[in-house]
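Dear colleague,

I am passing on the structure below, and my notes on what was found in it follow directly after.

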Amino acid sequence: MSAKSAISKEIFAPLDERMLGAVQVKRRTKKKIPFLATGGQGEYLTYICLSVTNKKPTQVSITKVKQFEGSTSFVRRSQWMLEQLRQVNGIDPNRDSAEFDLLFENAFDQWVASTASEKCTFFQILHHTCQRHLTDRKPEFINCQSKIMGGNSILHSAADSVTSAVQKASQALNERGERLGRAEEKTEDMKNSAQQFAETAHKLAMKHKC
């Protein structure tokens with residue numbers, strides 16, 4: 001089972017929530033800690049997860065989940081409601097970058113995703129979720145590539161596939177209709193030719209009879 005599947009099952013499923021997407025991250029800038037307390041939990045992996053409740057009224061949240069070194073389980077850390085998200089910064093709109101910033105009402109984090117592709121996928125899901133679930137106040141997406149904002153979004157791939165299939169089916173029907181139309185014309189021509197041949201044969205037969 002992948003880490004994201006395990007997070008979905010372990011963290012969100014028990015709360016009757018559905019995980020929409022997740023991205024593994026590391027901080028670009030380390031937080032300043034005045035002292036390091038003894039007995040710390042050591043190294044860990046961090047995931048930023050987007051989830052939605054199954055029950056209505058629907059609530060969407062962004063949760064920081066950690067997995068500490070030597071442990072197979074995941075731990076829920078900070079959590080924000082989607083309404084608290086104020087800005088999503090993609091850092092560079094001209095290239096695939098793994099870096100991004102998230103600005104909330106009471107927090108600001110600078111992250112680096114495990115890959116630029118994973119970041120892009122998460123941003124596409126996040127942008128689509130904001131458009132769908134937020135009406136009054138949507139977060140600002142800045143320095144983001146056009147594909148993140150819907151240009152080539154994977155979220156539209158299914159719709160695009162359906163549209164393409166419909167267009168192909170329509171084209172096939174039109175071509176079939178044209179072929180049938182041509183066949184009907186040929187049939188009508190053959191019918192007229194046969195009728196003319198029959199009339200000519202009848203006239204010749206009557207002439208020779210006379």
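Cys49 counts as buried because its relative accessibility is 0%, where buried means under 20% relative accessible area, with a 1.4 Å probe and protein chains only; Cys130, also at 0%, is buried too. The structure holds 0 disulfides, a disulfide being a pair of cysteine sulfur atoms within 2.5 Å.

This is a predicted model, in which local features need pLDDT of at least 70 and side-chain atom pairs pLDDT 80 or more, while totals for chains, interfaces and linings use all residues. Residues are numbered from 1 along each chain as its sequence is written, and side-chain values use heavy atoms, without hydrogens or water.

The open sheet has 8 strands in the order 4-3-2-1-7-6-5-8, with mixed pairing; strands are DSSP E runs of at least two residues and helices H or I runs of at least four, numbered from the N terminus, and two strands pair if DSSP finds at least two bridges between them. Strand 1 (residues 17–27) runs antiparallel to strand 2 (residues 44–53), to which 8 bridges join it, and Ala22 stands opposite Cys49 in strand 2.

Helix 2 (residues 116–133) has 18 residues, and its buried residues include Cys130 and Glu118. Glu118 has 13% relative accessibility and therefore counts as buried; leaving aside neighbours within four places in sequence, Glu118 is in contact (heavy atoms within 4.5 Å) with Lys4, Ala22, Val23 and Gln24.

Kind regards

Key:
Buried < 20%, exposed > 50% of the residue type's maximum accessible area, 1.4 Å probe, protein only. Expected span 1.5 Å × (residues − 1).
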